[in-house]
Amino acid sequence: MANLYCILLFHFRVYNAMLFELLNMQSIRNSILWHVRVGSSAEKWLLTERGIVLKSLSRHMCAATGTTSTDQIMDRVIGLVKKFDKIDASKVTETADFQKDLSLDSLDRVELVMAFEEEFSIEIPEEKADKLTCCADVARYIVSGAEQKSV
């Protein structure tokens, strides 16, 4: 009977040791996977945040130093208007009227003005926004605002 007890105890200890190793290996595996997942998502977050910060910083520096030319601003304005989902991009030109040529209603124009404000880090008062009827008007307004800041 003692031999049977010793054999059972031996197998129990071996089983516990194997179970401990298995759990330990599972724990190590889970830990590695967790760090890889967190590292990957944290890296994506940092890249995204850094990209947003750099984009915003470059906008501010260009506006502050006056290094952005009128043509570059016009290209950015036209590009932004072309990306607007309610507009046929092939109709967008410097002089295309937002309401008449591009068929934007007043709410669409408000959304577009908000997009300009975000893109160029500016605020456009409502009375000025009503006078911006085409891409050329918007670009002139942005350039005049940048010139006033640098003076």
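**Exercise 1. State whether E119 is buried or exposed, and identify its salt-bridge partner.**

Step 1. E119 has a relative accessible area of 18% and is therefore buried (buried is under 20%, exposed is over 50%, and partly exposed lies in between, with a 1.4 Å probe and protein chains only).

Step 2. The model is predicted: local features need pLDDT of at least 70, side-chain atom pairs count only at pLDDT 80 or more, and totals for chains, interfaces and linings use all residues. Residues are numbered from 1 along each chain as its sequence is written, and side-chain values use heavy atoms, with hydrogens and water left out.

Step 3. The partner of E119 is R76, with 3.3 Å between the closest N and O atoms (a salt bridge needs a side-chain nitrogen of Lys or Arg within 4 Å of a carboxyl oxygen of Asp or Glu). This pair joins distant parts of the chain, since R76 sits in helix α2 (residues 70-83) and E119 in helix α3 (residues 106-120), 43 residues apart. Helices here are DSSP runs of H or I with at least four residues, numbered from the N terminus.

Step 4. R76, at a relative accessible area of 26%, is partly exposed.

**Exercise 2. How many salt bridges does the structure hold, and where do K86 and E111 lie?**

Step 1. The total is four salt bridges.

Step 2. In one of them, the side chains of K86 and E111 come to 3.8 Å, N to O. K86 is in the loop between α2 and α3 and E111 is in helix α3, so this pair also links distant parts of the chain, 25 residues apart.

Step 3. K86 has 44% relative accessibility and is partly exposed; E111, at 32%, is partly exposed as well.

**Exercise 3. Describe the surroundings of D137, starting with its salt bridge to R140.**

Step 1. The closest N and O atoms of R140 and D137 are 2.6 Å apart.

Step 2. Both residues belong to helix α5 (residues 135-150), where they are three residues apart, about one turn of the helix.

Step 3. R140 is exposed, with a relative accessible area of 52%, whereas D137 is buried at 16%.

Step 4. Beyond neighbours within four places in sequence, D137 is in contact with K131 and L132 (heavy atoms within 4.5 Å).

**Exercise 4. Which residues have the most contacts inside the largest nonpolar core, and which aromatic pair does the structure hold?**

Step 1. The core has 28 residues, and those with the most contacts inside it are V77, V81, F98, L102, F116 and C135. A nonpolar core is a set of buried Ala, Val, Leu, Ile, Met, Phe, Trp, Tyr and Cys residues joined through side-chain atoms within 4.5 Å.

Step 2. Helices α2, α3 and α5 each give two or more residues to this core.

Step 3. Leaving out residues up to four places away in sequence, C135 touches several residues, including M74, V77, I78, V81 and F98.

Step 4. The structure holds one aromatic pair. F98 and F116 form this tilted pair, 6.4 Å centre to centre and with 35 degrees between the planes (ring centres of Phe, Tyr or the six-membered ring of Trp within 6.5 Å; planes under 30 degrees apart are stacked, over 60 edge-to-face, the rest tilted).

Step 5. F98 is in the loop between α2 and α3 and F116 is in helix α3, so the pair ties together parts 18 residues apart in sequence. F98 is buried at 2%, and F116 is buried at 1%.

**Exercise 5. Find the side chain of opposite charge nearest to R109, and list what A129 touches.**

Step 1. R109 is in helix α3. R109 is buried yet has no salt bridge, and D130, the nearest side chain of opposite charge, is 5.3 Å away (Lys and Arg count as positive, Asp and Glu as negative; His and the chain ends are not counted).

Step 2. With neighbours within four places in sequence set aside, R109 is in contact with F98, Q99, L104, A129, D130 and L132.

Step 3. A129 lies in helix α4 (residues 126-129) and is buried at 12% relative accessibility. Not counting residues up to four places away in sequence, A129 touches R109, V113 and I124.

Step 4. A129 and V110 are 19 residues apart in sequence, and their C-alpha atoms are 8.1 Å apart in space.
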